[in-house]
Amino acid sequence: MSPETINLTLKVWRQHGPEDQGRFITYQANDIPTAASFLEMLDIVNERLIVEGQDPIAFDHDCREGICGMCGAVINGRPHGPEKETTLCQLHMRGFQDGDTIVIEPFRARAFPVIKDLAVDRRALDKIIQAGGFISVNTGQAPEANSLPVPKSNAELAFDAATCIGCGACVAACPNASAMLFVSAKISHLALLPQGRPEAAKRALAMVAEMDRLGFGNCTNHKECQVECPKGINITNIARLNREFIKAAVSSPEEIPVFPAGRPEALQMGAK
Amino acid sequence: MQLDAKIPGGPLETKWDRQRFELKLVSPANKRKFHIIVVGTGLAGASASAALAELGYQVKTFCIQDTPRRAHSIAAQGGINAAKNYPNDGDSIWRLFYDTIKGGDFRAREGNVYRLAQVSNLIIDHCVAQGIPFAREYGGLLANRSFGGAQVSRTFYAKGQTGQQLLLGCYSALSRQVAAGQVTMLPRREMLDLVLVNGQARGIVVRNLITGAIERHAAHAVVLATGGYGNVFQPFTTNGMGSNVGAAWRAYKRGAGFANPCFTQIHPTCIPMHGDYQSKLTLMSESLRNDGRVWVPKQAGDQRRPEDIPEDERDYYLERIYPSFGNLSPRDIASRAAKFQCDQGKGVGATGRAVYLDFAAAIKRLGRAEIEARYGNLFQMYEKITGEDPYQTPMMIYPASHYAMGGLWVDYNLMSTIPGLFVLGEANFSDHGANRLGASALMQGLADGYFIIPYTIGGYLAGTALGEVNESHQAFTDAEMEVNAKINRLFQIRGSRSAASFQIDLGHIMWEYCGMSRNDAGLQKGKQLVADLRQEFWENLTLPGSTGEFNQSLEKASRVADFLEFAELVISDALARRESCGCHFNEAFQTEEKEAKRDDAQMCHVAVWEYAGEGHEPIFAKEPLVFEFVKLVERSYK
């Protein structure tokens with residue numbers, strides 16, 4: 001463990017609420033231990049701000065083990081920072097140099113209004129899951145667990161897709177602020193399993209329609225999402241989503257949900 | 001305090017059947033007339049919300065995170081137990097029951113634990129039907145692995161992310177009910193008080209964490225599934241940053257008994273502290289001890305790099321003290337031994353609070369490729385956090401607080417001492433006694449939520465006279481005033497220290513005096529230090545901003561205030577338990593081999609504490625534990 005410390009200049013996005021315009025404020029962050037995580041670095045900065053009577057930087061976080069998906073910010077232009085398959089809480093300061101300037105911004109997307117500073121409202125992702133990201137089984141209805149064998153390779157592909165932590169980095173990385181990687185991960189997880197097939201067509205149509213309604217953009221194959229995904233979710237899942245969607249649209253009796261045009265709902269959520 | 005566990009009579013195997021028959025039912029048409037509040041969306045809370053909504057109840061569900069999918073159940077790694085006996089290796093409901101009772105050092109109820117084992121198989125069925133991608137064999141059937149010293153393979157798993165997958169399963173079921181209009185989901189809300197009307201739990205007061213608004217929510221019953229209190233040891237804990245005792249503590253102050261608060265599990269293999277800025281510790285799978293050798297330098301204060309310390313100047317203390325179990329000694333033993341070495345000044349690393357876990361011998365014996373195949377992802381995670389390559393230099397590990405066996409007291413129906421207040425999952429005390437076995441937490445959370453509360457809450461609602469209560473009731477007004485007064489008091493202190501700094505100080509006190517190895521003098525001292533710190537908190541806290549906004553400092557301060565009160569109860573409970581059992585080790589009660597020495601004649605009970613008002617010692621009550629079906633024996637590690 002190196003006891004080394006570095007001095008940093010932080011340019012942090014400060015925004016009081018969804019209606020505030022927001023601005024970058026520059027902070028001098030001196031004597032930051034290189035062994036600290038990025039969030040611990042922010043803790044140190046906030047501790048100093050609080051003692052000086054200033055408003056600390058708001059940011060979301062919880063597990064600090066890279067699994068809950070609550071943390072996330074754009075670091076020097078990259079969601080969760082520069083390290084591959086690493087959430088912000090698992091990014092460590094030893095990757096930075098003494099004297100570096102670090103630009104820290106919230107995940108920016110039309111569907112993710114800023115609550116304060118780096119904390120954004122990602123309930124739009126919940127709404128997409130509510131539109132169909134489940135298998136309709138009531139408690140008590142399940143057959144015996146081993147009555148339905150699942151090919152090991154399918155189970156593993158389903159698992160890989162299911163590891164999505166719902167952080168929204170894919171949306172923040174996408175020039176269209178599309179949630180296609182997020183949606184495709186859930187569609188793939190369930191479509192690959194026999195339990196998920198009965199509702200596959202309905203699910204694909206409903207989740208995509210909900211994504212559109214909430215103000216997320218569409219996919220134009222920039223592949224930025226795959227690069228920034230902290231769980232390494234692959235864009236082949238988007239191909240699978242497209243296949244499921246087209247199959248459902250063309251050959252299933254399910255109707256494509258149509259929502260009234262107008263302002264996307266996510267923008268109106270505010271504090272409700 | 002009246003403690004009637006309401007365990008049905010008769011043979012163990014038929015208790016739950018009998019209870020389900022005897023509990024009154026709410027007719028399908030009447031369920032929609034009942035409103036139920038669920039606080040918390042981990043495995044227990046999300047599964048309860050979904051299962052109750054499926055039945056037709058009107059459910060309001062609250063969580064402190066931005067979405068229910070963040071709850072800390074998500075961080076559970078290893079797996080979930082069930083008595084399926086798929087490997088044909090001798091498992092049974094009875095064996096799972098017995099292992100759990102014995103693992104808990106005979107401080108849990110037979111009736112509850114047997115029911116847990118009974119419903120374990122239903123959980124696996126349900127999770128598979130939900131699409132949980134459990135590990136499978138080539139034939140497409142479910143795979144099992146061994147876990148936590150059990151002699152059978154009964155653990156179902158999804159790589160090292162079982163908790164995540166199970167939680168996302170509950171979350172999907174919950175989301176389906178939100179879409180169906182059966183659940184109203186209220187994220188970023190923190191419960192700040194429980195509201196009682198005529199002695200019954202009829203609602204909660206919450207703070208909207210985005211706007212700061214104080215909100216009232218009324219219901220016919222309240223379900224708490226708010227997790228454990230391991231953060232009383234923060235930063236010496238694997239708990240998530242938001243996990244807190246607040247909701248349970250406020251319920252305690254409204255009259256709910258708190259059971260066995262001193263039963264806190266310490267996990268031996270976590271990445272140690274490396275600086276005073278550190279917020280928490282990260283768990284490293286216990287499986288590493290299969291091939292890693294634990295050691296410290298023989299010479300206290302040895303500052304050399306581990307590679308430079310010759311073999312004969314190293315103390316492989318677990319192999320030396322426990323020759324039969326060696327590096328695979330049980331969790332509590334391994335944790336205490338590491339602490340003991342560090343207390344003697346032999347700890348390593350920058351802070352001296354760490355021991356080596358060395359793979360050099362295993363790499364020499366098996367080759368690097370084999371070690372990489374077995375532990376590659378763990379080695380990678382270790383390197384990411386510490387910046388050191390464990391293939392080249394020994395890992396450093398240290399124990400950390402992990403799970404709370406103690407919690408709010410509940411009867412067989414999972415109802416607390418307050419009628420209409422139910423408590424599920426880690427937040428209750430019910431099933432793990434003085435020590436929880438690996439892969440049993442996920443099992444209990446889902447058992448409580450999917451398969452127990454849907455029956456027992458119906459029995460309560462059908463059999464209880466519940467008057468009309470809404471949010472304008474005086475009890476809500478009073479509770480809201482108290483909540484506001486407490487928040488205002490925090491802002492008026494205007495001192496100079498942050499809430500976070502108090503939490504860290506509290507964690508240090510608890511870890512030092514009420515941690516892995518306890519003694520009366522230390523506990524007394526700890527109790528005084530906690531009282532002093534609490535006093536300083538109320539004189540010297542500084543709190544930025546105001547209450548009418550998104551204010552994470554206020555959230556923290558409110559939680560720390562509760563922890564500062566709760567910590568004293570943990571210590572009082574540790575002092576009152578005149579024995580060592582499971583995770584609770586009082587140095588005055590040990591065998592000649594320094595093992596925990598139970599006192600079944602005097603201490604075979606659940607210790608329950610009742611709030612007696614500000615400035616008064618809590619009232620102590622006992623629920624005797626009666627063992628009709630198993631014989632109490634000494635846990636042997638030899």
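Analyst: This is a predicted model. Start with B:Glu565. Beyond its neighbours within four places in sequence, B:Glu565 is in contact with B:Trp249, B:Lys253, B:Arg534 and B:Glu614. The residue lies in helix H16 of chain B.

User: Why is B:Glu565 called buried?

Analyst: Its relative accessible area is 16%. Buried means under 20%. The value falls below that cut-off, so B:Glu565 is buried.

User: What makes the pair B:Glu565 and B:Trp249 a polar contact?

Analyst: The two side chains come to 2.7 Å. The cut-off for a pair of N or O atoms is 3.5 Å, and one must be able to donate a hydrogen and the other to accept it. At 2.7 Å, the pair is within the limit and therefore counts.

User: Now the two chains. Why is the link between A:Asp60 and B:Arg188 called a salt bridge?

Analyst: Their side chains meet at 2.7 Å, N to O. The rule asks for a side-chain nitrogen of Lys or Arg within 4 Å of a carboxyl oxygen of Asp or Glu. Across the interface of chain B and chain A, the rule finds 5 salt bridges. It also finds 40 residue pairs in polar contact there, both residues at pLDDT 80 or more.

User: Which helix gives the largest share of the side of chain B that touches chain A?

Analyst: That is H6(B), with 10 residues. By class, this side of chain B has 31 nonpolar, 33 polar and 16 charged residues.

User: How is the size of an interface often given?

Analyst: As the accessible area lost when the parts come together. Between chain B and chain A, about 6400 Å² is buried, and carbon and sulfur atoms give 55% of that. B:Arg70, B:Tyr277 and B:Lys384 supply 11% of the area that chain B buries against chain A, more than any other three residues. In contact terms, 80 residues of chain B meet 76 residues of chain A.

User: Which domains does the assignment give for chain A?

Analyst: Domain 1 (5-116) and domain 2 (123-268). Their centres, taken over C-alpha atoms, are 29 Å apart. The contact takes 19 residues from domain 1 and 23 residues from domain 2.

User: What makes A:Arg78 and A:Glu228 a salt bridge?

Analyst: Their closest N and O atoms are 2.9 Å apart. The limit is 4 Å, so the pair qualifies. Between domain 1 and domain 2 of chain A, the count is 1 salt bridge.

Notes:
Residues numbered from 1 in each chain as written. Chains lettered and ligands numbered in written order. Predicted model: local features only at pLDDT ≥ 70, side-chain atom pairs only at ≥ 80, totals over all residues. Heavy atoms only, no water. Contact = heavy atoms within 4.5 Å. Buried area = accessible area lost by both parts, 1.4 Å probe. Helix = DSSP H or I, 4+ residues; strand = E, 2+ residues; numbered from the N terminus. Nonpolar A, V, L, I, M, F, W, Y, C, P; charged D, E, K, R; others polar. Buried < 20%, exposed > 50% of the residue type's maximum accessible area, 1.4 Å probe, protein only. Domains from an automatic or database assignment.
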